[in-house]
Amino acid sequence: MIKWASCGILIQEMSRLFYDHLINLSKIEKLIKKHVKDSEARYEIYRLIDEIIHHRVIGCILDRLPKHHHKDFLNHVHKKPHDTGVLDYLKERLAEDVEEFIRQEIYLLGNELLELFVKPHEYDNAHKHNLH
Amino acid sequence: MSALNKKVIVDPEELRAKIKLKSIQTKTGFESKHTEASKYLKEIGLDLGKMREHSAKLLTAGAIVGSVALFSAPNSLAFLPPPNEIIEKYVNSVESPPALSRAIKLRNALKDILPGLLRPLNRDEEKTLEKVLQELTGVPVRAALEGEHLNTTYGKIGIEQHLRRYPGDTLSNHIPKGDEYGADKSDEIIKEGMAPGLGAWGYFAPSKEALTPNLIEIERWYAVVQTLYLPNWNSRQPYLKDWYKYRKVMIVNTKNGKAVIAAIADSGPAVWTGKHFGGSPEVMNYLGGPKYKKGPVIVFFVDDPENKIPLGPVEYNEV
């Protein structure tokens, strides 16, 4: 069901996406803050990670969604990328728990990002570390 | 030993290059795995890497048009009674004794006005909150001030570390003394440590000698907001950077109604942390106590052109 903002408008919107509430890579941010002292360089890295997340999230959804729904899904994302109703759309078409597999994908990504901080010979069970 | 404590690559340029490479690999991997979807994305003009900007543009355009379907979740839009009715209900009502304290009135009002889920507030909600907050706390607050608006006024705040105020500043210099806030619980105030890097506006002063009492107060009561994600942040420099520097905001813990006036002194957190704001150790200690690390808050600008409103706790509940 679509509700209309009949009386109130947003004057300048925040750039939220329908899956933002499922993402928590706080410890990666902490590492970046620890090792990248220049604020502008930090913000560029934040943006790069954001781009990676977008591709990984949409990719893991497309992996599971039947092909005949792909265009419809992408149209939803194109029209209302902020709208958590996109998750409801997916829940109606997927047997798997959509929120859970997005969280899992981000957990895997978190471990991959963690590897970028650790020198190869020092990397042992970093991937087992809780990133949240 | 925790992986987070291992020796790590400390060259920021090398780290940036590695993450850039990963970003490119992720994009090309997506395109080769989902060729048809990638082709369709090009047709409709959606660049996944710029989805956040796309979202911001759509919503801003919707706001300009004046009425737009924003969210489809059933509870995502609150249809509030007119602000006057809310003020009458929560601020001016005469209760039978014992009268409700202003803190309880504020908590009750927030419960009714704020949506169940964290999301950007619409203009009506913000207007109503401005009136309620001003009536109950006495602080003139605005969601939008001089045409500027944060990317959200309702979200999660996370605890930050102390910021270096001048070259050579150390954590021990941040231990509160005398009648300063937290002097009776200094361990709580310094346990978060010192941020390794500088805030978005660099040092507060060029030297220890140049550090004024006002700057000490600003670092003590500092806030972090996501200026880096404002849609026009890059195109409106240096105006925006100057405008936001040390700009006063009121932060209200929506769970307990505690409020503090803070000054913006850093940009963040990253959008992928689940947080929208940050608060200094002192801000967080006042808002929620020594164990408070994260929680929902509202953040409004303080309309204080003559700089008369002091930073720190808003003791609006005192009789």
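What percentage of the contacts in chain A with a separation of 6 or more is accounted for by residues 24 or more positions apart? The share is 66%, two residues being in contact if their C-beta atoms, placed from the backbone, lie within 7 Å.

The structure is a predicted model, in which local features need pLDDT of at least 70, side-chain atom pairs count only at pLDDT 80 or more, and totals for chains, interfaces and linings use all residues. Residues are numbered from 1 along each chain as its sequence is written, and chains are lettered from A and ligands numbered from 1 in the order in which they are written.

**View 1. Chain A and its helices.** Chain A has 5 helices and 0 strands, in the order α-α-α-α-α from the N terminus. Helices (H or I, at least four residues) and strands (E, at least two) are DSSP runs, numbered from the N terminus. Of the 132 residues in chain A, 44% are buried (buried: 20 or more other C-beta atoms within 10 Å of the residue's own; exposed: 12 or fewer; partly exposed: in between; C-beta atoms are placed from the backbone).

**View 2. Helix α3 of chain A against helix α2 of chain B.** The axes of α3(A) (residues 70-79) and α2(B) (residues 35-44) come within 10 Å and cross at roughly 40°. Axes are lines fitted to C-alpha atoms, for helices over the stretch in contact, with angles running from 0 to 180 degrees between N-to-C directions. The two helices are therefore oblique to each other (under 35 degrees is roughly parallel, over 145 roughly antiparallel, 65 to 115 roughly perpendicular, and the rest oblique). On the α3(A) side the contact is made by H70(A), K71(A), L74(A) and H78(A), and on the α2(B) side by E36(B), A37(B), Y40(B), L41(B) and I44(B).

**View 3. Cis peptide bonds in chain B.** Q237(B) and P238(B) are joined by a cis peptide bond with omega of about 5°. P238(B) sits in the loop between β5 (222-225) and α9 (239-244). A cis bond also leads from G268(B) to P269(B), with omega near -15°, and P269(B) belongs to the loop between β7 (259-267) and β8 (277-279).

**View 4. Positive phi in chain B.** Most residues other than glycine have a negative phi. E146(B), not a glycine, has a positive phi of about 50°; this residue is found in the loop between β2 (144-145) and β3 (148-149). E146(B) is exposed because 11 other C-beta atoms lie within 10 Å. Y246(B), also not a glycine, has a positive phi of about 60° and lies in the loop between α9 and β6 (248-253). Y246(B) has 17 C-beta neighbours inside 10 Å and so counts as partly exposed.
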